Amino acid sequence: MRILPRWLCVLLTGPVVFVIYHLAHPQRRGIIANLEALRPEDGPLLHWWGGYLVFRQFALTYLDRLWHIHFGHEVKWEAVGEENMQALRNEPGGALVFTIHAGNYDLGSALFASKLGRALHTVRTPEQTSSLQALRKKEFDDQKDQHPNLHVHYNESYSHLGLQLCNLLTHGQLVGIQGDRVVMDVSPTHARIGPLQFRLPRGPLVLAEMTRVPCYPVFLHRTGVLSYRAQIGAPFVAAGELLKVDQLADRWLKVMHEFLVEHWDQWFVFEHLVTRVA
């Protein structure tokens, strides 16, 4: 990557991703199953091709991350919903920022925290191996000086993270969480929108129910090489509003689904999370 021009790196992702897509059977089936539910009108061939496009977008966002972190290339960033960002910036107490696995979470959280001008605590799932986890932690530690507003927490079994996040929110901090992926020992809940049933992680919704802080949706998607757009929405839950987990799930799903309809090719979940039930 240090020697090859950007355009050639981008071009080479096509055949490389095609091979990986062919070999990664469980992940390919998960994405195709989601597309079959979200886009039933496309048919089997387009579902297969759509899964490949998701894999390729994921690879391109990873290239952007490497260019930015290891080679210092600048990321172009634009925001849609500046008035909502200003409202989030001016929140007198804590707030939850709900997002999903789209765009590039590592780039997006750092850029968003710097543009927001306020501390943002984000949650990550630990890597699957200890060596990879150590490497990822070192990368974040090396970037602390560049992104002083970003604080990363890992959802590890011994960390009592839920209590930590509750404490941060009650003390007026902002917490960013991903509200779309159910993996490993994450407890799921189910929500429906029309004929679609989604499996959603229960933890973020329980956190919202307990703290009753405002919940802002923020979605990031890639628009080109080292170029991203953030969509900051109005709160789907107001401060102090008392809602149960099921009600919160319905509101969050409505907002998330609107984004997925337009940007389905950038939803980087590799598990079967969506089912068409009627």
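A residue is called buried when its relative accessible area is under 20%, exposed when over 50%, and partly exposed in between, using a 1.4 Å probe and protein chains only. The model you are looking at is predicted, so local features need pLDDT of at least 70 and side-chain atom pairs count only at pLDDT 80 or more, while totals for chains, interfaces and linings use all residues. Residues are numbered from 1 along each chain as its sequence is written, and side-chain values use heavy atoms, with hydrogens and water left out.

Let us start with the chain as a whole. A compact globule of 278 residues would have a radius of gyration near 19 Å, and the chain agrees, because its own value is 19 Å. This radius is taken over C-alpha atoms, and the globule rule is 2.2 Å times the number of residues to the power 0.38. Along the principal axes, the C-alpha atoms fill a box of roughly 50 × 50 × 40 Å. Of the 278 residues, 53% are buried. The accessible surface is about 13700 Å², and carbon and sulfur atoms own 57% of that; accessible areas come from the Shrake-Rupley method with a 1.4 Å probe, and for residues only the protein chains shown count as cover. Among contacts (heavy atoms within 4.5 Å) with a separation of 6 or more, 76% involve residues 24 or more positions apart.

Next comes the secondary structure. There are 9 helices and 10 strands, taken as DSSP runs numbered from the N terminus: H or I with at least four residues for helices, E with at least two for strands. Strand β8 (residues 215-224) runs antiparallel to β9, with 6 bridges between them, and H221 has R229 in β9 as its bridge partner.

Strands β8 and β9 form a hairpin with 2 residues between them, and the turn holds L226. What is the phi of L226? It is near 55 degrees, a positive value in a residue other than glycine. Most residues other than glycine have a negative phi. L226 counts as buried, at 1% relative accessibility. R212 also has a positive phi, about 55 degrees, although it is not a glycine. R212 is found in the loop between α8 (202-211) and β8 and is partly exposed, with a relative accessible area of 37%.

Finally, turn to the aromatic rings. Rings of Phe, Tyr and Trp (its six-membered ring) pair if their centres lie within 6.5 Å; planes under 30 degrees apart count as stacked, over 60 as edge-to-face and the rest as tilted. By this rule the count comes to 15 aromatic pairs. One of them is F58 with F270, which is edge-to-face because the ring centres are 5.5 Å apart and the planes stand at 85 degrees. F58 lies in helix α3 (residues 44-71) and F270 in the loop between α9 (245-262) and β10 (274-276), so the pair ties together parts 212 residues apart in sequence. F58 is partly exposed at 39% relative accessible area, whereas F270 is buried at 15%.

Both rings belong to one aromatic cluster, formed by F18, Y21, W48, W49, Y52, F55, F58, F268 and F270. Within that list, Y21 has the charged end of R28 over its ring, 5.9 Å from the centre. A charge sits over a ring if NZ of Lys or CZ of Arg is within 6 Å of the ring centre and within 35 degrees of the ring normal.

Note on methods
Two strands pair if DSSP finds at least two bridges between them.
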